[in-house]
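I opened the notebook to write down what I looked up, one item at a time. The entries follow the order of my searches.

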Amino acid sequence: MTGYDVVVIGAGPAGLAAAVTAADAGCRVAVLDSGPRPGGQYWRHRCDADGRGHRDWATFVDLRDRLGRVERISDAAVWFIGSRPDSPRFTVHAGSRVVAARRLVIATGAHDRVVPFPGWDLPGVVTAGAAQALVKGQGVCFARRVVVAGTGPFLLPVATTLADAGSTVAGVYEANDPFRYARHVRPVLGAPDKLPEAGRYAWRMLRHRVPYHRRTAVVAAHGTDELTGVTVAALDPRGAVVPGSESEVACDGLAVGFGFVPQVELAVALGCATRLDRDGSLVLATGPDLATSVPGVYAAGEVTGVGGAALSLVEGQLAAGAAAVSLGHAAPWSARRRGRLLRAHHRLRRFAAALHAVHPVPAWWLDRCDDDTLVCRCEEVPAGVVRRAMRELSVCDARGVKLTTRVGMGWCQGRVCGYAAACLTAHEAGRRPTVADLTGYASRPLAQPVTLADLAAADLTD
Amino acid sequence: MMFTFDGRPVPSDGQQTIAAALLAGGIRSWRRTRLGGRPRGVFCGIGVCFDCLVRVNGVPAQRACLVPARPGDVVESHDEPQVRA
């Protein structure tokens with residue numbers, strides 16, 4: 001088993017920044033990533049990519065070029081991390097590979113958050129991230145005439161990427177009202193490159209004649225074997241559907257996303273403390289140096305609270321710097337540079353908080369989720385079964401719902417339905433979702449499927 | 001380069017995953033669920049949701065969005081035995 005000072009898990013913006021920083025500080029570093037190429041979801045690309053259609057591509061190229069002394073292990077989805085109670089020493093398992101680490105930086109990122117609605121499991125309905133990944137990573141448009149819906153600024157790159165790649169974008173339906181950024185002037189001015197970025201998307205949307213609708217949601221998807229259209233409806237300021245406002249839009253593709261779910265399961269399995277972030281996500285609790293509650297484990301990027309690539313780059317540097325210093329290395333930066341990083345961190349966190357305040361998950365889906373609407377796609381559990389478990393079996397929390405209904409116990413282990421199941425449970429119980437509700441869906445002994453052949457081939461000699 | 005999906009030849013550009021090549025070939029669904037017999041294809045596109053499962057060269061339950069399409073691969077739809085109509 002090969003040993004490293006610092007093992008970084010995830011090669012997106014946070015992980016790459018962490019790996020480069022730790023190596024600069026003199027650490028022996030490995031970065032493990034589930035993808036075939038570094039970049040994560042943000043810089044997902046084909047092997048001949050020239051950066052066209054990518055944001056901050058120069059930053060990616062710079063980080064990639066500086067990976068020199070870092071051991072890069074790709075196609076390596078980590079399924080388990082072993083730890084010792086007495087000292088911070090970890091064994092990281094990916095397939096049959098095992099690497100040992102004195103410090104860990106968890107930079108596993110996030111995946112799309114979706115909420116259930118009638119028809120959401122029809123072929124042709126995909127997550128916003130899937131639509132983006134298929135174009136950027138595969139050169140494929142998933143449908144010809146597409147509706148983009150949900151909430152958050154991510155809908156704009158998705159719509160423009162699809163339009164650039166040849167799809168007709170029938171409309172972008174943003175559930176919230178972006179004019180509410182006007183109530184958050186200081187955070188917006190504190191992230192000065194966000195405004196021109198929004199302007200560039202607006203220009204590209206205009207050029208492709210993509211209609212943009214605010215306070216509007218896709219409330220149902222239609223079709224028998226494939227998607228043929230969606231119902232859109234206006235939302236009131238509280239996020240409820242305005243009665244009588246429904247209309248139909250013909251499309252063969254729907255890309256939908258309501259923010260992101262941080263992938264915290266590896267850290268949760270290690271025992272790292274969690275908290276609820278402002279967007280309702282379960283995230284890792286970290287100190288100012290991005291240390292988690294478990295000695296030797298640091299976290300960076302979306303797992304500490306969804307905030308975008310710029311924030312992830314800053315956090316990756318801070319986490320790796322702290323890890324290197326804890327191993328006795330000199331800090332990889334001057335006091336002045338560390339001050340600049342901390343100020344940028346504060347500013348970008350404040351912007352992320354504004355973003356979460358402007359783009360909450362709207363409440364309509366809880367009313368529109370009829371008893372037949374699937375909550376859990378893998379185990380095909382409809383909302384009615386969850387409601388009945390709570391009413392007839394006196395189940396009162398998300399863990400109880402999981403155990404009695406099999407919600408979140410199928411292939412995806414609650415990655416897709418966990419958030420919605422926790423919200424539905426809390427809604428039926430007349431309260432808000434808690435850390436315990438969400439943790440029920442984030443605790444998985446194994447983070448990825450592993451074959452018996454990989455287990456048998458693993459080199460477990462210490 | 002070509003692989004076969006349920007016996008039909010499907011082209012791929014050599015870099016694509018099975019899911020991407022199937023979508024590019026106009027195939028949007030390749031699995032039926034075991035309880036409701038519902039059609040499924042790509043949903044998350046990044047290996048999270050397991051909705052796009054296929055059988056590849058006899059090995060079941062492979063995520064089509066992660067597995068690269070290789071020339072000569074025999075890919076089959078992943079219809080599961082119906083448990084409940």
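**Pocket, cavity and surroundings**

I began with the second largest pocket: 31 residues line it, and those nearest its centre are A:Pro360, A:Val361, A:Ala363, A:Tyr419 and A:Arg432. Its space comes to about 770 Å³. Helix 9 (335-358), helix 10 (364-368) and helix 13 (418-428) of chain A are the elements that give two or more residues to this lining.

I note the conventions here. The model is predicted, local features need pLDDT of at least 70, side-chain atom pairs count only at pLDDT 80 or more, and totals for chains, interfaces and linings use all residues. Residues are numbered from 1 along each chain as its sequence is written, chains are lettered from A and ligands numbered from 1 in the order in which they are written, and side-chain values use heavy atoms, with hydrogens and water left out.

For the spaces I used a 1 Å grid over the protein atoms alone: a cavity is a set of points where a 1.4 Å probe fits but cannot get out, a pocket is an open set with protein on both sides within 12 Å along at least five of seven lines, and lining residues have an atom within 4 Å of a point. Grid points are joined across faces, edges and corners, and a volume is the space filled by probe spheres set on the points. Helices (H or I, at least four residues) and strands (E, at least two) are DSSP runs, numbered from the N terminus.

I then counted cavities of 30 Å³ or more and got six. The largest cavity has a volume of about 220 Å³. I found 18 residues in its lining, with A:Val261, A:Pro262, A:Tyr441, A:Ala442 and A:Arg444 nearest the centre. Strand 16 (260-262), helix 13 and helix 14 of chain A each give two or more residues to that lining. Helix 14 of chain A has the largest share, three residues.

**Rings**

How many aromatic pairs are there over all chains? I found seven, taking rings of Phe, Tyr and Trp (its six-membered ring) with centres within 6.5 Å; planes under 30 degrees apart are stacked, over 60 edge-to-face, the rest tilted. A:Trp120 and B:Phe43 make an edge-to-face pair, 5.8 Å centre to centre and 85° between the planes. This pair crosses between chains, from a loop of chain A to a loop of chain B. Both A:Trp120 and B:Phe43 are buried.

I also checked for charges over rings (NZ of Lys or CZ of Arg within 6 Å of the ring centre and within 35 degrees of the ring normal). The charged end of A:Arg377 is over the ring of B:Phe43, 3.6 Å from its centre. A:Arg113 lies over the face of A:Tyr419, at 4.3 Å from the ring centre.

B:Cys65 is in no disulfide either, with the nearest cysteine sulfur, that of B:Cys52, 3.9 Å away. I noted B:Cys44 as buried, at 6% relative accessible area, and B:Cys65 as buried at 10%.

How values were computed. Buried means under 20% relative accessible area, exposed over 50%, partly exposed in between (1.4 Å probe, protein chains only). A disulfide is a pair of cysteine sulfur atoms within 2.5 Å.
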